[in-house]
Amino acid sequence: VAALSPAAARDLANYLASIPPKPANDGDSALASKGKRIFMEGIPEANIVSCYACHGPNGEGVRDIPRLGGLAYFYVKARLEQWGQGYHSTAGSPMPLVASHLGPDEIEALASYLSFVK
Ligand code: HEC
């Protein structure tokens, strides 16, 4: 994306934002209710914060905080794993800290749940 001009980036963003979201439905449905619980309530005793406070109750995104509802299982899983391993993010993003408290089971459950959210 380094080669995109600001105008082209804006046009592309407007186009992508105009496409109605469609759930990927590719997670493990048996884990969806566990994932929903973590998304809504977090796991306070494990220092895991709830996601909905920032991303919206249905993962619909709030201003510059991105939509999570319906994203592909493998994409969300990879993002959370990479942050947990210290990969970089947008400057000032809370996500590396948020993800550092998630274990493999929580990541599987969250990514599964989100893939089914409409
Ligand atoms: C304090 C606010 C906050 C909380 C709490 C939070 N997030 Fe985020 N999240 C953000 C912001 C801001 C971004 C965009 C910046 C970035 O990508 O780092 C983001 C980005 C993401 C992305 C990347 C989406 C994409 O399209 O690439 C995923 C996945 C994600 N968050 C998952 C979660 C999950 C799962 C939780 C709960 C365990 C959570 N977030 C809790 C603020 C938050």
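Q: Which residues have the most contacts inside the largest nonpolar core?
A: Ile38, Phe39, Leu80, Leu102, Leu110 and Leu114, in a core of 20 residues. A nonpolar core here is a set of buried Ala, Val, Leu, Ile, Met, Phe, Trp, Tyr and Cys residues joined through side-chain atoms within 4.5 Å. Buried means under 20% relative accessible area, exposed over 50%, partly exposed in between (1.4 Å probe, protein chains only).

Q: What are the ground rules?
A: This is a predicted model: local features need pLDDT of at least 70, side-chain atom pairs count only at pLDDT 80 or more, and totals for chains, interfaces and linings use all residues. Residues are numbered from 1 along each chain as its sequence is written, and side-chain values use heavy atoms, leaving out hydrogens and water.

Q: Now the iron. Which residues coordinate the iron atom of the ligand?
A: His55 through NE2 and Met95 through SD, at 2.0 to 2.3 Å. Donors are N, O and S atoms within 2.8 Å of the metal (3.2 Å for Na, K and Ca); water is not among the atoms, so sites may look incomplete.

Q: Where do the two sit in the chain?
A: His55 is in helix α3 (residues 52-55) and Met95 in helix α5, 40 residues apart.

Q: Is His55 buried or exposed?
A: His55 is buried, because its relative accessibility is 9%. Met95 is buried too, at 15%.

How values were computed
Helices (H or I, at least four residues) and strands (E, at least two) are DSSP runs, numbered from the N terminus.
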